[in-house]
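I'm opening a notebook page for this one.

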Amino acid sequence: MKLNKNIKKYLALSLITIGVSIISCDFDKNKKDTYLFNTDLKKEKIKTNIEEGKVLSEVAILNETILKLSELALTKDGEYSVYVIANKLKKDNTEIKNSINELAKAKLIILPNGFNKADVNRLLLVDEDSFSKAYLNRTGKLLEREIARLEYLSSITNDLDFKVLIVKYLMRLNHDLDQLNKKTIKLLTIKNSIL
């Protein structure tokens, strides 16, 4: 009888051990599947972070170039309305620059500390009579590119900080571009009527 009892205990213990082994194997399998899934998500997140940093760097360079062109326009003798637009662009883009720098610092993104020297040099070579038109045209194109890059950033990111920055400045930049385009059209109309 005692032998029968020991066999029953041994069988029960063996069944429990086998059951636990099977269950733990299943958990290991699920854990490995989850691990692979998370790795793919991490890779996608890293790619998105890299793209966000790249686009933010492009926006920073465009922003700094617009700042330099506006500072140059403020030093030239020209039309008062171009001076007003240059001053507004300088103010808005300085604010944007500060916000981008703060966001980049918080997100551990290193931004380039430069601008497009070719754009500034081209504008330096323009004579006084054509300066206002050249400034408005070049700055308008740069604003369009800055807006396009911010819209692209908005489409690829899910980061709330980026979204807030984009919403905050897209409307302002579109308004600045609209004002700049109106001034360009008015300037061309005046010059054509004189000719």
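Before looking for charges over rings, I note the rule: a charge sits over a ring if NZ of Lys or CZ of Arg is within 6 Å of the ring centre and within 35 degrees of the ring normal. I also keep in mind that this is a predicted model.

**Entry 1: a charge over a ring.** I looked up Phe 131 and found Lys 76 over its face, at 5.4 Å from the ring centre. Phe 131 itself counts as buried, because its relative accessibility is 2% and buried means under 20%.

**Entry 2: ring pairs.** How many aromatic pairs does a search of the whole structure find? It finds two. In one of them, the ring centres of Tyr 80 and Tyr 83 are 6.4 Å apart and the planes make an angle of 25°, so I call this pair stacked. Both tyrosines sit in helix H2 (residues 80-106), three residues apart, or about one turn of the helix. Tyr 80 is exposed at 64% relative accessibility, and Tyr 83 is partly exposed at 39%.

The other pair brings back Phe 131, stacked with Tyr 135 at 6.3 Å centre to centre and 10° between the planes. These two are in helix H4 (residues 128-156), four residues apart, which puts about one helical turn between them. Is Tyr 135 buried or exposed? I find Tyr 135 buried, with a relative accessible area of 0%.

**Entry 3: salt bridges.** My count comes to 13 salt bridges, and I wrote down a few.

- Lys 47 bridges to Glu 44, with the closest N and O atoms 3.8 Å apart. They are three residues apart in helix H1 (residues 2-75), about one helical turn. Lys 47 is exposed at 54%, while Glu 44 is partly exposed at 46%.
- Glu 64 and Lys 68 meet at 3.9 Å, N to O. They are four residues apart in H1, again about one helical turn. Glu 64 is buried at 12%, and Lys 68 is partly exposed at 28%.
- Asp 92 pairs with Arg 172 at 4.0 Å between the closest N and O atoms. This one links distant parts of the chain, from helix H2 to helix H5 (residues 160-194), 80 residues apart. Asp 92 is buried at 2%, and Arg 172 is partly exposed at 25%.

**Entry 4: a network.** Which residues are linked with Asp 92 and Arg 172 in a network of salt bridges? I noted Lys 88, Glu 95 and Asp 176.

Technical notes
Residues are numbered from 1 along each chain as its sequence is written. This is a predicted model: local features need pLDDT of at least 70, side-chain atom pairs count only at pLDDT 80 or more; totals for chains, interfaces and linings use all residues. Side-chain values use heavy atoms; hydrogens and water are left out. Rings of Phe, Tyr and Trp (its six-membered ring) pair if their centres lie within 6.5 Å; planes under 30 degrees apart count as stacked, over 60 as edge-to-face and the rest as tilted. Buried means under 20% relative accessible area, exposed over 50%, partly exposed in between (1.4 Å probe, protein chains only). A salt bridge is a side-chain nitrogen of Lys or Arg within 4 Å of a carboxyl oxygen of Asp or Glu.
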